[in-house]
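Trainee: I would like to learn how to read a few features of a protein model. Could we go through them one at a time?

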Amino acid sequence: MSEYHFETSQIVTHRPPSFEDVQSIGELLLGKTKHRPAIGIICGSGLGSLADMVEDANIILYSEIPSFPTSTVPGHMGKLVFGTMKGKQVVLMSGRLHYYEGYPMWKTTIPVRILKACGISTLILTNAVGGLNPDYSVGDVMIIRDHIDLPGITGQCVLRGENDERFGPRFLATVETYDRELATLTKSIAEKLGLSDIMREGTYIMVGGPTYGTVAEFRLLRGFGADAVGKLYERFR
Ligand SMILES: O=P(O)(O)O[C@@H]1C[C@H](O)[C@@H](CO)O1
């Protein structure tokens, strides 16, 4: 990693870490925990305390991880939590990294590559959103069926730039980004818990922020066919 520019004690990259570097960061993290999670969870606003439910936890602060940006948003704690939930090995990101914090797009999503290098094959994303669908109510929970990557389709795609095929193909098909089986499972669990009334499934649109949006902008986004709007970008490698 000698090509990196160093700032304070952290390795700060001006371009995405290479495939080799991502693998070595993954190995470094696995060296700090006995857990071998297959499931990653990124906690959005309001869900950071999910980390308190992780048993037998090993906590690693983002500030200790090479290439990991720090969370600057109140309520986003900036820690990786390895452990178990209901007997399953998991790794939680307690604290999301948002584009509006000033990071380049790739820095907000680099944790996904690093979690993959730690062995995860399922990624659960959560975030706080604004409802656009007039049938939705405050407090509803929406499963993302599909998304509109507004920054992406206007030239700020997170995969813009040099492509290493070991991460995935240059021309990534994004039609089946979200797992249908997991969506079905989520709905059946919600039903068992008596939460069907608040469960929705729809199209999510991502915007830059940090502004929330004007009425005219919400009308525009709704016109695009979106049901909810927010500032989450992690979804592809
Ligand atoms: O981390 P998420 O995407 O849940 O955070 C949302 C968007 C803003 O960061 C914050 C402000 O309401 O909530």
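Trainee: Is aspartate 146 buried, partly exposed or exposed?

Mentor: Bear in mind that this is a predicted model. Burial is read from relative accessible area: under 20% is buried, over 50% is exposed, and the range in between is partly exposed. Aspartate 146 has 36% relative accessibility, so it counts as partly exposed. Its place is in strand β9, residues 141-149.

Trainee: How many aromatic pairs does a search of the whole structure find?

Mentor: The search finds 2. One joins phenylalanine 19 and phenylalanine 167, with 5.2 Å from centre to centre and 65 degrees between the planes, and is edge-to-face. This pair links distant parts of the chain, 148 residues apart: phenylalanine 19 is in helix α1, and phenylalanine 167 is in the loop between α3 and α4. Phenylalanine 167 counts as buried because its relative accessibility is 13%.

Trainee: Why is the pair of tyrosine 62 and phenylalanine 68 called tilted?

Mentor: An angle under 30 degrees is stacked, one over 60 is edge-to-face, and the rest are tilted. Here the planes are at 55 degrees, so the pair is tilted; the ring centres are 4.7 Å apart. Both tyrosine 62 and phenylalanine 68 are buried.

Trainee: Why is helix α2 described as largely enclosed by the rest of the structure?

Mentor: Count its buried residues. In helix α2 (residues 105-117), 12 of the 13 are buried, so the helix is largely enclosed. Among them are Trp106, Lys107 and Arg113. After α2 comes glycine 119, with a positive phi near 110 degrees.

Note on methods. Residues numbered from 1 in each chain as written. Predicted model: local features only at pLDDT ≥ 70, side-chain atom pairs only at ≥ 80, totals over all residues. Heavy atoms only, no water. Helix = DSSP H or I, 4+ residues; strand = E, 2+ residues; numbered from the N terminus. Buried < 20%, exposed > 50% of the residue type's maximum accessible area, 1.4 Å probe, protein only. Phe/Tyr/Trp six-rings, centres within 6.5 Å; stacked < 30°, edge-to-face > 60°.
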